[in-house]
Amino acid sequence: MTHIPPGFSTIDGELGIAGRKASDWVGQAGDTPLFVYDRELIRQRISTLRSLLPPNIAIHYAIKANPLPELLRWIAPLVDGFDVASGGELRRSLEVIDGRRISFAGPGKRDVDLQAAIAAEATLNIESAGELERAATIARLIGKPLHAALRINPPFEMKASGMRMGGGARPFGVDAQQAPDILQRMKQLGVAFEGFHIFAGSQNLSAAAVIEAQGRTIDLVADLAQFAPRPPALVNIGGGFGLPYFPGDTPLDIRAVGEALGERIAARPDSLSGTRFALELGRYLVGEAGVYLTRVVDRKVSQGETFLVVDGGLHHQLAASGNFGTVIRRNYPLANASRYDAVDVEQVNVVGCLCTPLDRLGEQVTLPVSQVGDLIAVFMAGAYGATASPSGFLGHGPAAEILA
Ligand SMILES: *Cc1c(COP(=O)(O)O)cnc(C)c1O
C-alpha cells in the first residue's frame with residue numbers, strides 16, 4: 001500500500017471513495033466489477049494544474065483516456081477544449097462541447113469523419129498531404145470553412161517517455177521537412193489555418209525531458225511559422241505528463257515544467273507573438289481519480305503461493321495486467337478495499353477470472369488476509385481502463401462505470 005494516490009479515505013474500516021464506502025458504490029452499481037471515478041479529484045487536479053502553469057496556457061482533454069459521457073460533461077467546462085482521435089469520439093464530444101472547441105487528430109480519418117468534423121467546424125489536425133486534399137474537397141462540397149492545423153512529426157522524441165510518438169518514421173503528422181510545401185498548399189486552398197500540433201511522447205515523469213521537448217517544439221514551430229498562410233493562433237505542444245503508477249516512481253514536477261514553459265513563452269520570437277499555446281492531457285487529468293473494484297471469487301494455493309481469483313481482470317483493466325504498452329510487468333497500486341485499515345500480512349497473487357496466464361492484476365503483493373467476498377481495489381484506473389480493454393474477450397461483459 002505504499003504508492004496509493006492521494007484523495008482516498010478509510011470509512012468504517014473500508015476504502016472510502018468520494019466520501020462513501022467501497023461497498024456502497026458496489027451496491028449502487030448492483031454488482032462487481034466496477035469503476036468509480038471521483039469527479040471532485042478531477043476538478044482539483046485541473047485547478048492545481050492551472051495554478052502551476054503560465055496563465056494563458058490552454059488545457060485540452062484528450063478524451064481517449066476516458067470518454068465516459070458523464071465524465072465528458074463534467075470536464076467540458078473545466079478545460080479549454082477536447083482533443084479527439086476518431087469519428088466516434090467526435091460525436092461524443094459534440095454532445096457536450098461546441099465544435100470550435102474540438103480538435104481532431106489521428107491517422108486514418110475517413111471521409112465521413114472529416115465531413116462530420118468540418119460540418120461542426122472543429123479544427124482538423126492534418127496528418128498528411130493526401131488528407132489535406134480530401135478535407136479541402138469535402139469543405140468545398142458542403143460549403144464550410146476548413147479549420148486546419150498541421151500536425152508535425154517532430155524530428156526529436158521526448159526522452160524517457162512511456163510511449164514515443166516522434167523522432168523517426170511515424171504514421172502521425174508530417175515530417176518537418178514536408179511542412180513548408182503543405183503549408184503552401186494550405187494557402188492555395190484557402191484553408192482557415194489555425195496553427196500547429198506536435199505530440200512527442202506520453203507517460204513522462206521527467207520534468208527535464210518534458211521541458212526539453214517543449215523547448216524544441218516551440219523552436220520548431222517558430223521556424224515553420226514563416227511558411228504558414230497566417231500566424232498560428234494556437235499551437236498544441238502536446239502533453240506527455242505521466243503518472244507515478246509504480247513503486248519508486250516520483251510524480252512529475254509540474255511546478256518546474258510550468259516555470260520553464262512560462263520563461264520559454266515569454267522569450268518566444270515575434271512570429272509567435274499572437275500565438276496561444278495548448279497542452280493536451282489525457283491520463284494526467286483523470287488517471288488518479290479512478291478506482292477499479294472487483295470481488296474475490298476464490299482463494300487457493302499452488303506450489304506454496306496463494307492466489308486470490310477475482311471477478312474482474314484484463315478485460316476491464318488491461319493496463320494493470322501489464323499488457324497495454326508496458327515492457328516489464330509491474331503492479332499497479334492495489335488494496336483490499338473491504339479491510340482497508342487492516343495490516344498487510346500475507347503475500348498473494350491477485351489474478352483475474354480469464355482463462356489466460358496474461359490475466360494478472362497483482363503479483364506478489366502484500367495484503368491483509370483476504371477472503372472470498374472481499375473487494376479488491378486497483379488504483380490509477382481513471383485513464384485507459386474500461387476504454388482501453390478488450391471487454392468482449394471471454395464474454396464476461398463490461399464493467400459498470402460510476403462518476404462519483
Ligand atoms: C493519446 C494521446 C494523448 C493523450 O496522452 P496521455 O498520455 O493520456 O496524456 C494526447 N495527444 C495525442 C495526440 C494522443 O495520441
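Tutor: Start at P33, which sits in the loop between α1 (22-29) and β4 (34-37). The model is a predicted one, and in it the peptide bond that leads from T32 to P33 is cis, its omega being near -5°. As background, most peptide bonds are trans, and most residues other than glycine have a negative phi.

D12 has a phi near 50°, a positive value in a residue other than glycine. D12 belongs to the loop between β1 (9-11) and β2 (14-17). With a relative accessible area of 67%, D12 is exposed, because the cut-off for that class is over 50%. Q203 also carries a positive phi, near 50°, and is likewise a residue other than glycine. The loop that holds Q203 runs between β13 (201-202) and α8 (207-225). Its relative accessible area is 18%, so Q203 counts as buried, the limit being under 20%.

S202 is among the residues that come nearest to the ligand, together with K64, G282, R283 and Y384, out of 12 residues around it. That shell divides into 5 nonpolar, 3 polar and 4 charged residues.

In K64, a polar side-chain atom lies 2.8 Å from an oxygen atom of the ligand. R283 contributes through its backbone, where an N or O atom is 2.8 Å from an oxygen atom of the ligand. For Y384, an N or O atom of the side chain is 2.5 Å from a ligand oxygen atom. The ligand taken alone exposes 390 Å², and the protein buries 90% of that area.

The whole protein gives these details their setting. It contains 10 helices and 22 strands. Its radius of gyration is 22 Å, close to the 22 Å that the globule rule gives for 404 residues, so the protein is as compact as a globular protein of that length. Along the principal axes, the C-alpha atoms fill a box of roughly 70 × 45 × 35 Å. Of the 404 residues, 55% are buried. Among contacts with a separation of 6 or more, 72% join residues 24 or more positions apart. The protein exposes about 16,300 Å², of which carbon and sulfur atoms supply 51%.

Conventions. Residues are numbered from 1 along each chain as its sequence is written. This is a predicted model: local features need pLDDT of at least 70, side-chain atom pairs count only at pLDDT 80 or more; totals for chains, interfaces and linings use all residues. Side-chain values use heavy atoms; hydrogens and water are left out. A residue is near a molecule or strand if one of its heavy atoms lies within 4 Å of it. A polar contact is a pair of N or O atoms within 3.5 Å; within protein, one must be able to donate a hydrogen and the other to accept it, and residues adjacent in sequence count only if both atoms are side-chain atoms. Accessible areas come from the Shrake-Rupley method with a 1.4 Å probe; for residues, only the protein chains shown count as cover. Ala, Val, Leu, Ile, Met, Phe, Trp, Tyr, Cys and Pro count as nonpolar, Asp, Glu, Lys and Arg as charged, and the others, Gly among them, as polar. Helices (H or I, at least four residues) and strands (E, at least two) are DSSP runs, numbered from the N terminus. Buried means under 20% relative accessible area, exposed over 50%, partly exposed in between (1.4 Å probe, protein chains only). The radius of gyration is taken over C-alpha atoms; the globule rule is 2.2 Å times the number of residues to the power 0.38. Contact means heavy atoms within 4.5 Å.
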